[in-house]
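Please walk me through this structure.

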Amino acid sequence: MANLVNLENVSKSFGVRPLLDGVSLGVGEGDRIGVVGLNGGGKTTLLEVLAGLAEPDEGRVSQNRGLRMAVVTQRTELPEGSTVRNAVIDPLGFDAEHEWAADARVRSILDGLGITAFGLDSPVGTMSGGERRRVALAAALVQDLDLVVLDEPTNHLDVEGVRWLAEHLLARRTALVVVTHDRWFLDTVCSRTWEVVGGRVEQYEGGYADWIFARAERARLADAIEEKRRNLARKELAWLRRGAPARTSKPRYRIDAAEALISDVPPPRDSVELLAFAKRRLGRTVLELEDATLTVPDRVLVRDLTWRIGPGDRIGIVGVNGSGKTTLLKALAGERELEGGKRVQGQTVKLAHLSQELHDLDGSMRVLEAVEEVARRVVLGKQEMSASQLAERFGFSSQKQWTPVGDLSGGERRRLQLCRLLMAEPNVLLLDEPTNDLDIDTLQQLEDLLDSWAGTLVVISHDRYLVERVCDKVVALFGDGGLTDLPGGIDEYLRRRDKQKETAAVPSAKPASAPSSAADQRAARKELARLERRLEALQKKEAQLHAALAEAATDPERLLALDAELKAVLAEAEDVESQWLAAAESAES
């Protein structure tokens, strides 16, 4: 069977740095390949060369004649001035305006990625970056393809969206090459793994777990090479074998060697010892919400919620995008006022909150200076480290530590933000999407630190692998005004969400013999007009805020205020669009 795409002795450099050096590989029909490696190591470059978006400096890239391929990278741009309909539906060539709705596959993709909620006539130019990425992903997936190439497709999806995308890709026969740091997605979808390292591409059979097994065995055979990396892989391997035996069904190396490799590795964390230590540091009271009520425009997030978080608790919060997870975490941190009830914080609590916003630092400071500004040494669990050692754990090599903060990428700034938080030696950590912009090696380092961290931890993340590993408990916001405990973890959350959708679908189904009354239709049309006016006002407000953001580029405080206002406007617009869709359905029935 011939490959769909072949790379023969391909090299590609930026400046004097070789990202690909004499790489030869191929993508066959039906291959599902996950691409992993350090940030900046050449993963995106490999995808762009493979897809024909970038020319190699040396070597040859060949594609099958007539190859049907779609590419969605972080640089993918939608046509200027287009709507969702223009970008997703029109290229399919349906004759009638609503003919696409009869295509179950197209409707499934639009619903699965949350595109239906936007409204097909919504202009993509006014959407957030995450929303545009979802539209671009939908535009690729609705096509009949031989090969789809995706760069970080899960970044702007919640847990449900990630599961839907995995199931959709598994159900298709389309070949896939995907860069992602979502390890559950890699393990679920991919049958092969490419690791981009040092200009080479190492190839492995299987998904993430199989890659970890193979990499750990390779390190064992190399013995003294990369001692630090080997030890980390051994700990990860032990967790995979003990805590989640179903993660890999067919390890492709000698079982006796694997057992010898992990025979003396302790569990990732001693929960009893850590809990006892946490109680000594924190006492009985940590964080509590009593009869708390939190609202956003037109919606109650939680009502009369009493939630007590104790010493050593490790809690993951899940919920659909917009369910209020970030708002709830800000309330826990004391950064968001409650509309009712009260917040209680223990006297010994030293709290650190990693938000999704990047806090400005002096751009002229060096990375190491920014870390040492907090502290020169830190004790995390039983480990004592210097500022330089912790920075290296987060991917800042000794050379990179002398880079000015102003020259860092967004992902590097986020790593620096997390490093500074840990240097303060908090005993309560509130983390909002900590995996954003982190490569797999850095994720492993973060999890390794959290394994031995004796304190209270609350995490929001769509990375179910991270939640399953570092948290002992999962709670969910289902939009009913409460906070639901999930003994079955994320699997239980997904089962409940499926049931919730099925229940919601039943009353909305109307028999053909019972059409809406004329009065109901008039009321729906009136509501539709009101919502359209509100949407138009929100879109104008959004445009004004974008202009104001551009003018305030040198004013950090003004930027933060404008950014918060913009997020509130976007959240309200999304809610109004959902109401508009419901009103439009009533008006047409």
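Gly334 follows helix H11 and has a positive phi, near 80°. H11 spans residues 325–333. Helices (H or I, at least four residues) and strands (E, at least two) are DSSP runs, numbered from the N terminus. The model is predicted: local features need pLDDT of at least 70, side-chain atom pairs count only at pLDDT 80 or more, and totals for chains, interfaces and linings use all residues. Residues are numbered from 1 along each chain as its sequence is written, and side-chain values use heavy atoms, with hydrogens and water left out.

Stay with H11 for a moment. Of its 9 residues, 7 are buried, so the rest of the structure largely encloses this helix. Buried means under 20% relative accessible area, exposed over 50%, and partly exposed in between (1.4 Å probe, protein chains only). The buried residues of H11 are Lys325, Thr327, Leu328, Leu329, Ala331, Leu332 and Ala333.

Now turn to strand E7, residues 175–179. Here 5 of the 5 residues are buried, so E7 too is largely enclosed by the rest of the structure. Both of its faces are covered. Ala175, Val177 and Val179 are buried on one side, Leu176 and Val178 on the other.

What does E7 pair with? Two strands pair if DSSP finds at least two bridges between them. Strand E3 (residues 32–36) runs parallel to E7, joined by 4 bridges. Gly34 has Val178 as its bridge partner in E7. Strand E6 (residues 147–151) also runs parallel to E7, with 5 bridges. Asp151 has Val179 as its bridge partner there. From E6, the chain crosses through helix H5 (residues 159–171) to E7 in a right-handed β-α-β crossover. Right-handed means that, with the strands pointing away from the viewer, the path from the first strand over the helix to the second runs clockwise.
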